[in-house]
Amino acid sequence: MNPIYEKSAVVVRPAGSEDAADVLAIRNHAIEHSTALWTQTPQTPAEGAVWLAAHLERGSAFVAEAEGEVVGFAVYGPWRDYDGYRHTVENSVYVREGRHGLGVGTALMAALVAGAREAGLHVMIAGIEAGNAASVRLHERFGFQHVGTIPEAGTKFGRWLDLTLMSLRLS
């Protein structure tokens with residue numbers, strides 16, 4: 001194991017293909033029970049493996065472990081496909097149900113920001129459902145600034161959702 005961040009019982013390390021099932025379980029729980037991902041269609045194991053493989057190839061996926069269990073994951077990926085945006089990435093941080101408030105998100109965010117800086121990236125963007133105060137606070141603690149809110153940018157669970165955009169200059 002190559003821990004990038006270690007705080008008490010939480011260890012963050014680069015993700016590997018062996019983490020696909022745990023990452024998928026956390027993602028699908030978020031899809032089914034939260035407004036963090038704006039889809040209501042859970043991923044299949046094959047879809048989850050393809051999604052994770054793209055992040056593994058970039059070296060932009062991390063998992064947090066506590067007591068031998070994967071308790072969260074974080075990734076960053078291209079914000080837009082055009083080459084003019086090649087230095088800008090968007091992040092995602094997810095914590096397993098029942099493990100919130102224990103420093104897992106903070107540990108993952110620290111590794112994610114450090115990894116993006118080491119990769120020579122310039123800006124990290126976060127798109128957060130506006131009502132997710134915990135995620136907004138987490139990003140603020142790392143220096144992200146609120147750069148705008150798009151009203152009713154998406155829908156889930158039969159209601160319109162506002163999208164808060166936050167930005168962090170990495171270099």
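Is Arg99 buried or exposed? Arg99 is buried, with a relative accessible area of 18%. Hello everyone, and please keep in mind that we are looking at a predicted model.

Let's stay with Arg99 for a moment. Its salt-bridge partner is Glu69, and the closest N and O atoms are 2.8 Å apart. This pair links distant parts of the chain: Arg99 is in the loop between β5 and α3, while Glu69 is in strand β4, 30 residues apart. Glu69 is partly exposed, at 30% relative accessible area. Through shared partners, salt bridges join Asp22, Glu67, Glu69, Arg96 and Arg99 into one network.

Another bridge in that group pairs Arg96 with Asp22, with 3.5 Å between the closest N and O atoms. Here the two ends are 74 residues apart, with Arg96 in the loop between β5 and α3 and Asp22 in helix α1, residues 20-33. Arg96 counts as buried at 18% relative accessibility, whereas Asp22 is partly exposed at 30%.

In total the structure holds 6 salt bridges. One of them joins Arg13 to Asp19, at 2.7 Å between the closest N and O atoms. Arg13 is buried, with a relative accessible area of 10%, and Asp19 is buried too, at 2%.

Now for the aromatic rings. There are 3 aromatic pairs. Why is the pair of Phe73 and Tyr94 called stacked? Their ring centres are 5.3 Å apart and their planes meet at 25°, so the pair counts as stacked; the cut-off for that is planes under 30 degrees apart. Phe73 belongs to strand β4 and Tyr94 to strand β5, 21 residues apart. Both of these residues are buried, and together with Trp51 they form one aromatic cluster.

Trp79 and Tyr85 make an edge-to-face pair, because their planes stand at 80° with the centres 5.4 Å apart. Trp79 is partly exposed at 27%, and Tyr85 is partly exposed at 30%. Have a look at Arg80 as well: its charged end sits over the ring of Trp79, 4.6 Å from the centre. Arg80 also lies over the face of Tyr85, at 5.8 Å from that ring centre.

Last stop, the nonpolar cores. Which residues touch the most other members of the largest core? Among its 28 residues, they are Val12, Tyr76, Met124 and Phe144. Helix α3 gives the most to this core, with 8 residues. A second, separate core has 13 residues, including Ile26, Leu37, Leu52 and Val70.

Key: Residues numbered from 1 in each chain as written. Predicted model: local features only at pLDDT ≥ 70, side-chain atom pairs only at ≥ 80, totals over all residues. Heavy atoms only, no water. Phe/Tyr/Trp six-rings, centres within 6.5 Å; stacked < 30°, edge-to-face > 60°. Helix = DSSP H or I, 4+ residues; strand = E, 2+ residues; numbered from the N terminus. Buried < 20%, exposed > 50% of the residue type's maximum accessible area, 1.4 Å probe, protein only. Lys NZ or Arg CZ within 6 Å of the ring centre and 35° of its normal. Core = buried A, V, L, I, M, F, W, Y, C linked by side-chain atoms within 4.5 Å. Salt bridge = Lys/Arg side-chain N within 4 Å of Asp/Glu carboxyl O.
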